[in-house]
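Here is a short note for a colleague who is opening this model for the first time. Please keep the sequence and the 3D view at hand.

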Amino acid sequence: MTNLRVEDGAIFEDDRQVCNAEIAIENVYFSQNMRPAAARVVVRMSGMDDGAFVLDLEHMTFSALRQRMPLLRCGGPKDRQLLDAFLVEELQKKITYDAKNGRKPIILLEPSGIQQVGEHYTAVVGGQVIADELDYEVAVKQDRWKVPEPQPNMLLEFMEFMKNAPAPVLLTAAFVATSMVRSIILESGIDFQGLLYVSGPQGVGKTTLAKKLAGFVKNPETNREALFFDSSSTVAAIRDAMASARDLPIIIDDLCLSAGKNVQKKRIELGAQIVREASNAACFTKKSRDGSAIELSCNAGVIVTAEFVLHNQSDITRCIMVKVSDPLQLPDALNAQLAAGAMCNFLYAFVTHVPEAVKRLREMVADENTVSALEQCEEQRVRTNLLVLRWAFHELIEALAVLHHTRRFADEFKQRFDEALAESVEETQCALKVVRSNIPEGNLAYIILRGYRNNDFHVLKNEEKIDKLKQRAGIIWQGDLCLRPSALIPYIQRQNGYHDWSRNKIVSELRKLDVLCIQGEDAATVRLNKDKDVPRVYRFDMETLETMAEYY
């Protein structure tokens, strides 16, 4: 135990000054598991304003304080050791004093997201603590964002707009609600990988939609959107937001096609990269202060607005697709401030019944076959993402019942939302169809063999009718498949993945596969007899076709 005393703006050992300032522990903060985690330390130096710092316990040392107050001085190494021991003693005294006097412990919460302490749940949104009655006090770690203060009826007003809202608005509103409780969804064990992908031509209101419903997280200093990024933003800034904005929506705006070809390519690549990282299908890293790499995951709900549809099947199935075809007419009263208040109201109701809400989530995902809106959805990942979105919208309706004791329009809301889900499914299917049309199902040997077996060519089977070859696609000649160029080339070009293949490219690939029976070194086509009226054909050895056929 140290023998230090605080007196006259300094700390002494007997009559010797150890430190040129008074240091006191003002508050002790506990983690969610009720263990001391940090302390608020006040430093008073004569002639200077007081300094107050929140330090993690492992960093509660003289050195850490001096980094924050460079004029703080200590006599030497032994005095610094004495002072570090003094800080530990003062911490323990503060904990003992508060417990003896019946003071509620202060829980130090993360800057954002739903958090559990004991049996209670709280939510932190832009520095605001949203919770029902608690048996502890709370403090929030320093926050980089702020959100407008909610009014009690904002969720009710918000849902009034949803009654007649088009599908893009309903889906976006549900996704913002999903973002606010994202950590609970992931902790429930549901494999949710969704982000919202709002696509459509320029000028239809994609950005306005995102800003009105999700652009409510502000920078405290500038009051501008803090989690809004355009296509020119750095990847590092976007990744930082995805990792740190826990249970908050972020917007990545305007992945457009109006720039040059190279810029377009970069934006398409950026879109694909964001999708994989936002869904945690791909990890991302950043450098720590000591230069080592820290692996991060996405904790935010990501909304992307774009003029193009993604070019990869796995990327599309990680998205909740929203198509805006016609200009949206959104009322002025439906704005970011109302959305912020509505989401805070929603969270206030949600944190009072988290276990029940999680139970409903699991039940909805388990009963996926009962949702008619998803009947045409073949991709399990898409089905799971949309079921989670549906659950979140139902929880908005449940919050109305909790806060305002009303279930008016609940059935109508649910029916209209299922119609919106069906639109998202249709858009996903269209996007997948476009992508799949550019993916070959197999090599050329496979394509030709499949076409023959499916009777797509309607070839002659009787060699004696070779004079009718002009009217047919081909013929079986001496056991070989013979196809006219006018039939084969267009057929291949109609197959997925071969739309842009030229005749020369097709013939070159057939030569590489060594499936052609040729008569001359240069000619890929052959004559089957000496009759010049019989058209030339590509002649394929059936055994070689079967050997070389490869299904991808």
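Which residues of helix H7 (residues 235-244) are buried?

1. **Helix H7.** The buried residues of H7 are Ile238, Ala241, Met242 and Ala243. Buried means under 20% relative accessible area, exposed over 50%, and partly exposed in between, with a 1.4 Å probe and protein chains only. These buried residues pack against strand E13 (228-230), strand E14 (249-255), helix H8 (261-278), strand E15 (284-287), strand E16 (293-296) and strand E17 (301-306). Contact here means heavy atoms within 4.5 Å.

2. **Basis.** This is a predicted model: local features need pLDDT of at least 70, side-chain atom pairs count only at pLDDT 80 or more, and totals for chains, interfaces and linings use all residues. Residues are numbered from 1 along each chain as its sequence is written, and side-chain values use heavy atoms, with hydrogens and water left out.

3. **Whole chain.** The chain has 17 helices and 21 strands. Helices (H or I, at least four residues) and strands (E, at least two) are DSSP runs, numbered from the N terminus. The radius of gyration is 33 Å, whereas a compact globule of 552 residues would have one near 24 Å. That radius is taken over C-alpha atoms, and the globule rule is 2.2 Å times the number of residues to the power 0.38. Along the principal axes, the C-alpha atoms fill a box of roughly 120 × 60 × 40 Å. Of the 552 residues, 50% count as buried. Among contacts between residues at least 6 apart in sequence, 66% join residues at least 24 apart.

4. **The sheet E1-E2-E3.** This open sheet has 3 strands in the order E1-E2-E3, with antiparallel pairing. Two strands pair if DSSP finds at least two bridges between them. Strand E1 (4-7) and strand E3 (16-19) are the edges; each pairs on one side only. Neighbouring strands are turned by 45° against each other on average, direction ignored. E1 and strand E2 (residues 10-13) pair over 4 bridges. Arg5 has Phe12 of E2 as its bridge partner. Helix H2 (residues 77-100) packs on the sheet and touches E1, E2 and E3; its direction makes about 70° with that of E3.

5. **Leu4.** Leu4 lies in strand E1. Its relative accessible area is 14%, so Leu4 counts as buried. Beyond its neighbours within four places in sequence, Leu4 is in contact with Ile11, Phe12, Glu13, Val18, Leu82 and Phe86. Leu4 and Ala85 are 81 residues apart in sequence and 10.0 Å apart in space, C-alpha to C-alpha.

6. **H3 on H10.** Helix H3 (residues 154-162) and helix H10 (residues 336-350) pack at about 115°, with axes 7 Å apart. Axes are lines fitted to C-alpha atoms, for helices over the stretch in contact; angles run from 0 to 180 degrees between N-to-C directions. The H3 side of the contact includes Leu155, Phe158 and Phe161, and the H10 side includes Leu338, Met343 and Phe346.

7. **Strand E20.** Which neighbours does E20 (residues 480-483) pair with? Strand E19 (residues 474-477) pairs with E20 in the antiparallel sense over 4 bridges. Strand E21 (residues 538-540) also pairs antiparallel with E20, over 3 bridges. Leu481 stands opposite Ile476 and opposite Phe540 in E21. Both faces of E20 are covered: Asp480 and Cys482 on one side, and Leu481 and Leu483 on the other, are all buried. E19 and E20 form a hairpin with 2 residues between them, and Gln478 in the turn has a positive phi of about 55°.
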